[in-house]
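Hi,

Here is the structure I said I would pass on to you. Have a look at it first, and then read on for what turned up.

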Amino acid sequence: GVQTCALPICRTALVTGGSRGIGRMIAEGFAEAGAKLLICARDRSACQAVADELRARGANCHARRCDITNAEEVHELVAFAYRTFGRIDVLVNNAGYGDLSLFEESTADDVRAQYDTNVFGLMHVTRAVLPGMRAQRSGRRSRPGCTPCGRTRSRRSRACRRASRAP
């Protein structure tokens with residue numbers, strides 16, 4: 001059964017790329033802990049299927065289609081989260097992908113599209129969420145495979161460097 005999360009940090013969570021793989025497993029963990037949850041992905045039906053499954057288990061889970069490379073869609077997603085939950089305690093920037101082709105076979109457009117998702121998409125989501133976290137004076141953000149928890153205050157000179165060098 002679903003348990004109530006005793007930690008304030010996990011009351012509400014937004015998981016990008018929550019329709020499959022690691023993002024889905026993270027979403028399942030938050031749901032099991034009793035967090036209010038919003039998952040998003042580009043594939044609306046896959047995202048909705050996960051949310052329906054989690055709700056069938058008793059979770060408070062919502063799903064939204066969002067392409068994180070589109071800043072307007074991201075702002076709409078975050079606005080929905082705040083209208084629905086009133087806050088976001090945890091942001092898991094999981095959306096992203098890796099091009100498995102050989103480097104010499106990749107085109108500049110392939111690399112640009114991956115960078116748009118993995119770097120600029122992450123920036124769109126983080127920038128949209130941080131003002132609310134600062135206003136509530138709490139919150140955590142995470143990027144699976146990178147730093148486990150980030151601060152809501154970053155040194156300007158390091159933020160872009162870290163983003164451009166993320167694995």
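**The aromatic pair**

Searching the whole structure turns up 1 aromatic pair. Its members are Tyr115 and Phe120, with ring centres 5.7 Å apart and planes at 65°, so this is an edge-to-face pair. For the cut-offs: rings of Phe, Tyr and Trp (its six-membered ring) pair if their centres lie within 6.5 Å, and planes under 30 degrees apart count as stacked, over 60 as edge-to-face and the rest as tilted.

How accessible is each partner? Tyr115 has 34% relative accessibility and counts as partly exposed, and Phe120 is partly exposed too, with a relative accessible area of 37%. (Buried means under 20% relative accessible area, exposed over 50%, and partly exposed in between, using a 1.4 Å probe and protein chains only.)

Phe120 also comes up in a C-alpha distance: 9.2 Å separates it from Ala71, 49 residues away along the chain. Ala71 sits in helix 3 and is partly exposed, at 29% relative accessibility.

**Before you go further**

This is a predicted model, so local features need pLDDT of at least 70 and side-chain atom pairs count only at pLDDT 80 or more, while totals for chains, interfaces and linings use all residues. Residues are numbered from 1 along each chain as its sequence is written, and side-chain values use heavy atoms, with hydrogens and water left out.

**The overall layout**

The protein chain has 5 helices and 5 strands. Starting at the N terminus, the elements go β-α-β-α-β-α-β-α-β-α. (Helices are DSSP runs of H or I with at least four residues, strands are runs of E with at least two, and both are numbered from the N terminus.)

Of the 167 residues in the protein chain, 39% are buried. Take the contacts between residues at least 6 apart in sequence: 62% of them join residues at least 24 apart. Contact here means heavy atoms within 4.5 Å.

**Two helix pairs**

Two packed helices are described by the angle between their axes and the distance between the axes. The axes are lines fitted to C-alpha atoms, for helices over the stretch in contact, and the angles run from 0 to 180 degrees between N-to-C directions.

Helix 3 (residues 71–85) packs with helix 4 (residues 108–136) at about 30°, and their axes are 8 Å apart. That angle makes the two helices roughly parallel. (Under 35 degrees is roughly parallel, over 145 roughly antiparallel, 65 to 115 roughly perpendicular and the rest oblique.) Helix 3 passes helix 4 in a right-handed crossing. A crossing is right-handed if the near helix is turned clockwise from the far one by less than a right angle, and left-handed if anticlockwise.

Which residues make the contact? Helix 3 brings Ala71, Val74, His75, Val78 and Tyr82, and helix 4 brings His124, Val125, Ala128, Val129, Gly132, Met133 and Gln136. By class, they divide into 8 nonpolar, 4 polar and no charged. (Ala, Val, Leu, Ile, Met, Phe, Trp, Tyr, Cys and Pro count as nonpolar, Asp, Glu, Lys and Arg as charged, and the others, Gly among them, as polar.)

Then there are helix 1 (residues 21–32) and helix 2 (residues 44–56), which pack at about 25° with axes 11 Å apart. These two are therefore roughly parallel as well, and helix 1 passes helix 2 in a right-handed crossing. Arg24, Ala27, Glu28 and Ala31 of helix 1 meet Val50, Glu53 and Leu54 of helix 2. This contact has 4 nonpolar, no polar and 3 charged residues.

**Two buried residues**

Ala51 lies in helix 2 and is buried, with a relative accessible area of 0%. Leaving out residues up to four places away in sequence, Ala51 touches Ile39, Cys61, His62 and Ala63. Between Ala51 and His62, 11 residues apart along the chain, the C-alpha distance is 5.9 Å.

Leu38, in strand 2 (residues 36–41), is buried, also at 0% relative accessible area. With residues up to four places away again left out, Leu38 touches several residues, including Leu14, His62, Leu77 and Phe85. Leu38 and Arg64, 26 residues apart in sequence, are 7.5 Å apart from C-alpha to C-alpha.

Cheers
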